[in-house]
Amino acid sequence: MQFNTFVSSIQDLGYCVKAPNLQEVLLEPILLARQGQLSKAKVHDLARQAWENELRPVLVWDLLMPERVMRIICNHLKDWELSHFGAIRVCDPGAAYWLKTHFPEIPIQLIVETGNHNLEALQGWCEIFSESLERLVLSIELPEEKLIEYCQTLPVPCELLGVGLILLFYSPRSLLVNPLLESQHTEGTEEIDSLYRFNPDSPLYLEATAAFADNPNRHFPTLETAHGTFMFLDKDQFILDRLDGLCEAGLHTVRLDVRHLSQEDNVAVDIDKICRQILENPAKLRENWFRETRAPFFKANRTTALFPRMKSKLSEYRNDTCLAEVLAGESGKYVVFYTWRSFEISQIQSMVLPTGEAIVPQDVIFRTINGEPLDSFEPEQLLVTDWIKKAVPGSLLLGKIS
């Protein structure tokens with residue numbers, strides 16, 4: 001099992017050279033990477049020096065692009081020396097196909113962290129990109145059991161995030177800068193400019209925190225670059241103390257993403273010490289980590305656990321015993337029914353909710369939408385009653401057919 005990490009300076013390469021089991025470095029140019037801050041010249045220079053230090057440079061191209069942007073970027077790439085990179089990692093299938101077509105000799109590392117969580121989809125990408133595909137970058141939303149299965153089954157090596165920020169939200173829109181600029185007239189430029197962090201190669205890199213109205217004391221790291229806005233969990237993904245099973249299953253690469261712990265222009269500070277601690281005492285490394293840590297999906301992904309409860313249980317009740325259906329209601333005030341067939345009020349037996357729960361309405365008085373009370377009803381009528389507790393749209397009124 002090897003490690004890789006992001007680099008942005010000569011100092012970063014120095015840390016990586018001293019790091020055990022770290023053989024690959026990730027380079028993020030402004031043009032291609034969502035969080036990129038490196039110019040074309042800087043990326044090529046770092047790639048050259050990485051090779052000289054026996055490190056393999058990988059170019060990061062993780063933008064998702066519409067066709068217009070894709071054409072512009074591909075025209076720019078004609079002037080790049082892509083052969084200077086050991087591999088190119090991409091997220092957009094269009095970018096991967098363009099590389100396979102125009103540079104079939106360059107290995108592709110396909111990022112499948114969003115979606116593509118089932119084995120059949122991953123095997124499909126392996127077939128489509130065949131000889132060009134060097135690695136799949138898997139999602140942290142897969143539990144350990146699935147990760148082990150995929151590492152053992154897929155025909156290409158796999159990579160997983162071992163430590164780093166957990167992305168909660170991404171939008172290609174500007175969600176930080178535009179509001180700041182709009183408020184500039186009233187707040188003044190000094191306070192606004194203090195939020196920006198510029199370097200000579202980056203036109204925009206704005207770091208902030210965001211909080212929600214119902215929990216204002218919990219601040220989530222938020223970032224805006226030229227390619228959009230990101231919000232991250234306030235706790236780091238950390239599975240470096242639980243790699244044994246994945247290692248035995250054949251996981252090829254563990255990514256160490258410590259960009260959020262950067263110092264000045266260096267984004268791999270102390271990566272050599274981190275790698276040594278992973279090999280020597282990962283439990284202590286977690287205990288002393290810079291921020292709180294989590295691995296929310298590693299034991300099990302329970303995000304679909306509620307699906308069976310959310311699925312309607314009413315299909316079996318849509319038969320001759322179904323008298324009417326709840327169309328709408330307002331809590332504490334009224335419920336609106338749509339009648340399916342002719343019936344009388346004495347035939348009503350119960351009401352079944354979408355969850356499958358049955359309730360017995362008590363002393364219900366039905367009225368027309370004009371307020372006229374009724375005891376017998378015709379199909380396709382709209383009826384109004386006083387509020388019935390738990391009645392929600394989709395609930396069915398059941399009875400017996402005489």
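**Entry 1: the β13–β14 hairpin**

I started at the hairpin that β13 and β14 form, with 3 residues between them. Gly332 sits in its turn and has a positive phi of about 80°. I am working from a predicted model, where local features need pLDDT of at least 70, side-chain atom pairs count only at pLDDT 80 or more, and totals for chains, interfaces and linings use all residues. Residues are numbered from 1 along each chain as its sequence is written, and side-chain values use heavy atoms, with hydrogens and water left out.

Strands here are DSSP runs (E, at least two residues), numbered from the N terminus. Two strands pair if DSSP finds at least two bridges between them. β13 covers 322–330 and β14 covers 334–339. I found 6 bridges between β13 and β14, in the antiparallel sense. Val326 has Phe337 in β14 as its bridge partner.

I then looked for another partner of β13. Strand β22 (residues 396–399) runs antiparallel to β13, joined by 3 bridges. Glu325 is bridged to Leu396 in β22.

**Entry 2: Ser331**

I checked the loop between β13 and β14, where Ser331 lies. Is Ser331 buried or exposed? Ser331 counts as exposed because its relative accessibility is 61%. My cut-offs are under 20% relative accessible area for buried, over 50% for exposed, and partly exposed in between (1.4 Å probe, protein chains only). I also took the C-alpha separation of Ser331 and Asp363, which is 18 Å across 32 residues along the chain.

**Entry 3: cysteines**

How many disulfides does the structure hold? I count 0, taking a disulfide as a pair of cysteine sulfur atoms within 2.5 Å. Cys16 is buried, at 0% relative accessibility. For Cys74, the closest cysteine sulfur is 15 Å away in Cys91, again too far for a bond. Cys74 is buried too, at 8% relative accessible area.

**Entry 4: nonpolar cores**

I define a nonpolar core as a set of buried Ala, Val, Leu, Ile, Met, Phe, Trp, Tyr and Cys residues joined through side-chain atoms within 4.5 Å. The largest has 78 residues. Trp61, Leu136, Leu138 and Ile271 have the most contacts inside it. I followed Ile271, leaving aside its neighbours within four places in sequence. Its contacts (heavy atoms within 4.5 Å) include Cys16, Tyr15 and Leu256. A second, separate core has 17 residues, among them Ala324, Val364, Phe377 and Leu397.

Note on methods: Helix = DSSP H or I, 4+ residues; strand = E, 2+ residues; numbered from the N terminus.
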